[in-house]
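Okay, thanks for coming, everyone. Let me put the structure up and walk you through a few spots.

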Amino acid sequence: MRFNLMGLVLLLLSQTVWSAAKIENWQTPQGSRVYYVRTAGLPMVDVRVVFDAGSARDEAKFGVAALTSALLDSGAGDLSADDIAQRFESVGANYSAGVNEDMAWLAIRTLTEKALFDKALATFETVLSKPAFNQADFEREKARTLAGLKHREESPGELAGIAFNKALYGDHPYAHPETGVVETVAGFSADDLKSFYQKYYVAANAMVVIVGDVSREQAEQTANQLLSKLPVGSKPAEIPVVTMPSKASKQHIEFPSTQTHVLVGLPGTYRKDPDYFALYVGNHILGGGSMVSRLFEEVREKRGLAYGAYSVFAPLYRQGPFMMSLQTRNDQTEQALDVLLKTFNEFLDTGPSDKELTAAKQNITGGFAMRFDTNSKLTDYVAMIGFYQQPLDYLDTFQSNVEAVSIEQIKDAFKRRVKPELLQTVTVGAGK
């Protein structure tokens, strides 16, 4: 019955569109930042606790951040994994956790009726502050992770991504895959996870995001309750700056597949980059706008060399990757790569047309509200704004920032930031 109620709430919420989200921000007594948005009318709330504890903090133990995150709900306090799952299920709450390069997070979505909310929050607090990391659960999750890593070796797309990140970042903490590699994960002990948790899952390194139908007072109480059991600890040192590749490179990995995966790029932009909007709008025209982009038009529509071709900037705390990508038949790889590079170089030389820029702005701003039309999407945005300390009016000013981008700004930003003589190219497939 409670699941049905939750389903009804989610259905209603998916149809709700916020014209703007008023983000409030404060600090807990322990110094943790809290970001709160009141979305009244539907009795539910999303709560997310975020730590600067992503895979960039793995050091030499590639994969330890991801495995630590995966073990949190496998047992905590006096609760087993089954107990935790049953307690969340009994109140219709959903728990999730994950990592990317910069962040690790735990989250719940729960109804706000007091009895349900209190039980969900108490269980979440236990998972957050008292994970057991017991040996049996650790061995099971480690085995599951190793099986996944070995399966990854059968995927040309995964292999291309790993080689591409290594080509872009060398020895930087962004270079290795978030889930680690077999060689490091196989050597982990439960103590490695406990040490990582004790170092990074501390109040000074935490941020709380609360989005939903709770008052400011309830939000303050929630944040304080969640973090009160964590030691204060300290913030980690900043992630090192990214060193750009010194020259272009081209790497081919033989793989018995009928299609070749092609990745081309270099370290691109970061969250506080003053060039961000120029690069973002420009990329929408180059390859980010899916079926209306230049890459799609030249590679797919005119020549039929691939089902699709795209480009993307993935901003992080430091420069995340800029990547152009396609998959093509093995015997067409060189032709497709030539077309991709020719299209990219022409864009660098001439920039977008007035018509392309107008269409891109309309496309981006026209669908902007739908990007945060659910609690979940809005929580994602607020977490990004909080973690990277973007302005609290980021959502309010996003469209005007896009509208303000000019052709000259795009040309200038791309020429300074995406140098063709530094592009890293990785191909994975058969045919060499």
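How do the residues of the lining of the largest cavity divide into nonpolar, polar and charged? There are four nonpolar, one polar and one charged, counting Ala, Val, Leu, Ile, Met, Phe, Trp, Tyr, Cys and Pro as nonpolar, Asp, Glu, Lys and Arg as charged, and the others, Gly among them, as polar. Before I go on, this is a predicted model, where local features need pLDDT of at least 70, side-chain atom pairs count only at pLDDT 80 or more, and totals for chains, interfaces and linings use all residues. Residues are numbered from 1 along each chain as its sequence is written, and side-chain values use heavy atoms, with hydrogens and water left out.

Back to that lining: it's Glu 101, Asn 165, Tyr 169, Tyr 174, Leu 316 and Pro 321. A cavity here is a set of points on a 1 Å grid over the protein atoms alone where a 1.4 Å probe fits but cannot get out, and lining residues have an atom within 4 Å of a point. The volume of the largest cavity is about 30 Å³, taken as the space filled by probe spheres set on the points.

Last, two loop residues. Glu 59, between strand 3 and helix 2, has a positive phi of about 55° and is exposed at 57%. Phe 133, between helix 4 and helix 5, has phi near 50°, but is buried at 5%.

Notes: On a 1 Å grid over the protein atoms alone, a cavity is a set of points where a 1.4 Å probe fits but cannot get out, and a pocket is an open set with protein on both sides within 12 Å along at least five of seven lines; lining residues have an atom within 4 Å of a point. Helices (H or I, at least four residues) and strands (E, at least two) are DSSP runs, numbered from the N terminus. Buried means under 20% relative accessible area, exposed over 50%, partly exposed in between (1.4 Å probe, protein chains only).
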